[in-house]
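Please prepare a briefing on the predicted model shown here, with the cut-offs behind each term stated alongside the values.

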Amino acid sequence: MTWLWTLIALAAAVFASLRIAGVIRPGGSGRLAGGSNRAVVGWMVVLAMVGLATLTLRAEEPRSSDSVGSSPTKKQGEVAAESTAASAKNTDEVKPPKGWPKRLPLPLEKTNCVRCHLNAGRELTLAVRDFAHSVHDLNHMSCNDCHGGNTDNDALAHDESVGFIGTKLSAHLRNCAECHEEEHALLASGPHAWDFSKRINTDYPMCIDCHGNHDVGNPPPDFRLKDVCLDCHEKLDEEHPAIASVVDQNDKYWVTMIAVREKRLQEEDPVPPEFRDRVDRLRHATMQVMHGLHKLPQKKADQLNQQVEALRQELEAWLKNAQ
Ligand code: HEC
Ligand code: HEC
Ligand code: HEC
Ligand code: HEC
Ligand code: HEC
């Protein structure tokens, strides 16, 4: 509405001053009939004053009422930028948006990325939800650790000059590999190896196919690694029975682990302390099989599977006690 009042006010003011100055003469080319001229000029002046008063009032309104209303004509960026400006003043004020899963804590690090994206909507907010309680979140990383960008200055948050890589997948994969050198080296020694410095090669599975991007270490309940393999190896069970059995055991383990994590959402570590060492050891052993994919004798696969299954059953017992 502001622009309408501005227009009316300007037109009225211009008309009134021209009329007063005598530029527009009564009965001249102007369309106004002689007798009503005085009244019209008077109304114009009133209109101009109302318009100006409205503008002044609007300018004095507190800024926050603009962003709370989040008018639909605003672009997503503007709304997001304003709500961050409001919440950035006090980090304690960061509140989950509508629809945020009730029991899920917010990410530990309340960077500007998190604060703004939390309320930016749709896939911009989903990234924050999925990231919350991921292994990277629990290790006090934030969005910028993978995406780059500036966490002190909103205006530079997405700037390439501060290393922002956006959604450039090849750059992301190089980042994963750089932070996880040992795991990448094993992958590079196996049949899924390809050169990360080159263009994305979709013939091979990528880190995020098996681990996710935002929910690393915190997969959704319906995720099955086996489905990823089957995408490219329809006959995995027949052709690689030993490896297939490790994949199946791994999927079974995660069903239990997801239930355990759900019980420990408010804890610093989602793994109960008495299981921590064994979880780490057996995850590492599973990684060595899955990344290297070197020849795996069935006997070795069975040994690993038995240990993972024993751990899983103890976790199930822990779950029963935690009811
Ligand atoms: C002031 C609000 C705000 C801040 C702060 C902010 N973002 Fe964003 N971000 C947005 C909005 C809005 C979009 C969607 C529009 C766009 O691409 O600019 C977006 C888009 C993105 C995208 C998707 C880009 C694409 O190319 O599709 C990524 C990734 C991202 N932001 C990461 C970050 C990271 C990392 C930080 C912190 C360093 C950050 N953002 C800080 C509001 C913000
Ligand atoms: C472990 C690394 C990692 C972290 C941490 C991370 N991202 Fe991402 N993000 C990715 C990858 C990888 C993609 C997918 C790129 C692609 O598909 O091209 C992505 C994609 C996105 C997208 C595009 C939409 C989508 O979901 O694919 C947005 C927006 C985004 N991230 C925002 C964020 C925000 C906000 C945070 C912090 C809460 C964050 N990311 C933390 C790796 C990460
Ligand atoms: C800035 C460094 C950094 C980047 C980039 C990074 N990670 Fe991590 N990652 C960590 C840290 C720290 C941990 C937690 C400690 C650990 O287990 O080594 C971790 C843990 C993990 C784990 C173990 C999960 C579990 O259940 O314990 C996986 C899998 C993983 N990251 C995959 C990825 C993938 C995939 C990417 C890229 C999309 C990625 N990481 C990017 C630092 C990083
Ligand atoms: C995006 C496709 C893709 C996905 C997903 C995928 N692979 Fe592969 N895999 C390949 C390609 C390509 C090769 C190399 C084939 C070759 O060298 O003949 C390969 C090779 C292998 C080999 C060695 C085959 C041999 O004959 O030596 C094994 C074992 C294997 N993959 C297991 C798996 C498992 C287990 C998964 C799931 C965790 C998986 N793959 C997911 C594409 C994929
Ligand atoms: C074909 C599927 C697949 C691909 C591709 C893959 N991983 Fe993994 N990775 C696994 C499995 C399975 C595990 C076993 C642990 C688990 O699922 O909890 C694992 C474990 C890990 C771990 C934990 C290691 C530990 O000792 O606990 C890290 C870190 C990791 N992967 C990083 C990566 C990175 C980085 C890439 C890409 C360079 C990658 N992975 C590619 C399947 C994969």
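Residues are numbered from 1 along each chain as its sequence is written, and chains are lettered from A and ligands numbered from 1 in the order in which they are written.

**Overall make-up**

- The secondary structure of the protein comes to 16 helices and 0 strands, where helices (H or I, at least four residues) and strands (E, at least two) are DSSP runs numbered from the N terminus.
- Of the 323 residues of the protein, 19% count as buried; a residue is buried if 20 or more other C-beta atoms, placed from the backbone, lie within 10 Å of its own, exposed if 12 or fewer, and partly exposed in between.
- Among contacts between residues at least 6 apart in sequence, 64% join residues at least 24 apart, two residues being in contact if their C-beta atoms, placed from the backbone, lie within 7 Å.

- Helix α15 has 17 residues and reaches 24 Å from its first C-alpha to its last, close to the 24 Å expected at 1.5 Å a residue, the expected span being 1.5 Å times one less than the number of residues.
- The buried residues of α15 are Leu282, Thr286, Val289, Met290 and His291, and these pack against α10 (181-188), α14 (241-263) and α16.
- Helix α15 (residues 276-292) and helix α16 (residues 298-322) pack at an angle of about 145°, with their axes 11 Å apart; axes are lines fitted to C-alpha atoms, for helices over the stretch in contact, and angles run from 0 to 180 degrees between N-to-C directions.
- The crossing of α15 and α16 is left-handed, a term used if the near helix is turned anticlockwise from the far one by less than a right angle, with right-handed used if clockwise.
- On the α15 side Arg278, Leu282, Ala285 and Val289 take part, and they meet Leu304, Gln307, Val308 and Leu311 in α16.
- By class, the contact of α15 with α16 has 6 nonpolar, 1 polar and 1 charged residues, where Ala, Val, Leu, Ile, Met, Phe, Trp, Tyr, Cys and Pro count as nonpolar, Asp, Glu, Lys and Arg as charged, and the others, Gly among them, as polar.

**Loops and backbone exceptions**

- Most residues other than glycine have a negative phi.
- Leucine 293, found in the loop between α15 and α16, has a positive phi of about 50° although it is not a glycine, and leucine 293 is partly exposed because 17 other C-beta atoms lie within 10 Å.
- Lysine 295 also lies in the loop between α15 and α16 and counts as exposed because it has 9 C-beta neighbours inside 10 Å; lysine 295 and histidine 240 are 55 residues apart in sequence and 9.3 Å apart in space, C-alpha to C-alpha.
- Histidine 133, placed in the loop between α6 and α7, has a positive phi of about 75° although it is not a glycine, and histidine 133 is buried because 23 other C-beta atoms lie within 10 Å.

**Ligand shells**

- Ligand 2 is surrounded by 23 residues, the closest being Ala127, Cys143, Cys146, His172 and Asn213, where a residue is near a molecule or strand if its C-beta atom, placed from the backbone, lies within 6 Å of it.
- Helices α5 (112-118), α6 (122-131), α8 (143-147) and α9 (169-179) each supply at least two residues of the shell around ligand 2; α6 gives the most, with 5 residues, and the shell divides into 13 nonpolar, 8 polar and 2 charged.
- Ligand 3 is surrounded by 16 residues, the closest being Asn175, Cys176, Cys179, Cys207 and Gly217, and the elements giving two or more residues to this shell are α7 (135-138), α8, α9 and α11 (207-211).
- Helix α9 gives the most to the shell around ligand 3, with 4 residues, and that shell divides into 7 nonpolar, 8 polar and 1 charged.
- Of the 21 residues around ligand 5, Cys207, Cys210, His284, Met287 and Met290 come nearest, and α9, α10, α11 and α15 are the elements that give two or more residues to this shell.
- Helix α15 gives the most to the shell around ligand 5, with 6 residues, and by class that shell has 10 nonpolar, 8 polar and 3 charged residues.

Conventions
Predicted model: local features only at pLDDT ≥ 70, side-chain atom pairs only at ≥ 80, totals over all residues.
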